[in-house]
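Here are a few exercises to work through with the structure in view. Try each task yourself before you read its solution.

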Amino acid sequence: MDEFKLDEGGLKKLNSKKGLLALLSKEPYNIARAIRYVDYEKRLAKMQVELIKLQTWAINNNERIIVIFEGRDAAGKGGAIRRITEQMNPRQFRIIALSKPTEEEKTQWYFQRYVNQFPIAGEIVFFDRSWYNRAVVEPVNGFCTNEQYKTFMNHVNNFETMITESGIRLVKIYMSISKSEQAKRFSDIKSDPLKQWKMTEVDRDAQKLWDVYTDYKRKMFENTKKGDLPFKVIRANRKTSARVAAIQHMLKVIPYDKDLVV
């Protein structure tokens, strides 16, 4: 067990159901980590109340909101979305994680299959990866031509301007992790039979293609700066702090009624 001086407040946190679970759930036992997790859970609960206010405000005002999460494989996009939505009204939000396009979808306008998932009045839609697949994942892995990539980069800012001018609120979050953290998470996934389904061929090549991903990511950020909607980049090596930062950003940029009683 790590050396850690417990004050009365820390002891009280540990002597709770969440504290004991946090302490005993991982070996070696780590008191400081367990206390941090209890603090995180309390903070998360308060922020989830604000998220419910945000959702209620969106429903009452027929708002349409899109939140897209981008990031490398294993960056924690899905986990962040789950924490954001776990206390929300499930009838008024959707989580979209599209698989590879069908043969029919390949013949359509590139953005069409994403537009088909856009929110109706009073709804929030979360994209676990989005149209920005064509900015990074597709060119890195040879899933699109160079001409298709250039066309996307030339059109995406205008596309997002059309979205926002139609009255939809668009929030763009990028979860950023280090190469060593990605390798660690891949190792955890491969050793866990409940998570092994998450590993894809694209994931298996991600470490080898790290520098290529980095180059396309840089180009994506440079291109979005030309428009009015840059990404909010969140350091995501520590999952708990990344989730808090993602929620904080949503609560900051969406002008919901903070005085709403729910």
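## Exercises on one helix and its surroundings

In this predicted model, 75% of the contacts in the protein chain between residues at least 6 apart in sequence join residues at least 24 apart. The secondary structure comes to twelve helices and five strands, and buried residues make up 44% of the 262 residues.

**Exercise 1.** Find helix α8 and describe its length and its course.

*Solution.* Start with the ends: α8 covers residues 146-165, which is 20 residues. Next, take the span from the first C-alpha to the last, which reaches 29 Å, close to the 28 Å expected at 1.5 Å a residue. Then follow the helix along to H155, where a kink of about 40° is centred. Finally, step just past the end of α8 to G167, which takes a positive phi of about 105°.

**Exercise 2.** Which residues of α8 are buried, and what covers them?

*Solution.* First list the buried residues: Y149, F152, M153, V156, N157, F159, E160 and I163. Now look around them: the cover includes the strands β1 (64-71) and β4 (168-176), along with the helices α6 (112-115), α7 (137-141) and α11 (210-225).

**Exercise 3.** How do α8 and α11 pack?

*Solution.* Begin with the geometry: the two helices pack at an angle of about 30°, and their axes lie 9 Å apart. Angles under 35 degrees count as roughly parallel, so α8 is roughly parallel to α11. The crossing is right-handed. Last, pick out the contact: α8 contributes Y149, M153, V156 and N157, while α11 contributes Y216, K219, M220, N223 and T224.

Notes. Residues numbered from 1 in each chain as written. Predicted model: local features only at pLDDT ≥ 70, side-chain atom pairs only at ≥ 80, totals over all residues. Heavy atoms only, no water. Helix = DSSP H or I, 4+ residues; strand = E, 2+ residues; numbered from the N terminus. Expected span 1.5 Å × (residues − 1). Bend = angle between axes of the 7 residues up to and from the residue. Buried < 20%, exposed > 50% of the residue type's maximum accessible area, 1.4 Å probe, protein only. Contact = heavy atoms within 4.5 Å. Axes fitted to C-alpha atoms, helices over the stretch in contact; angles between N-to-C directions. Parallel < 35°, antiparallel > 145°, perpendicular 65-115°, else oblique. Left-handed = near helix turned anticlockwise from the far one by under 90°.
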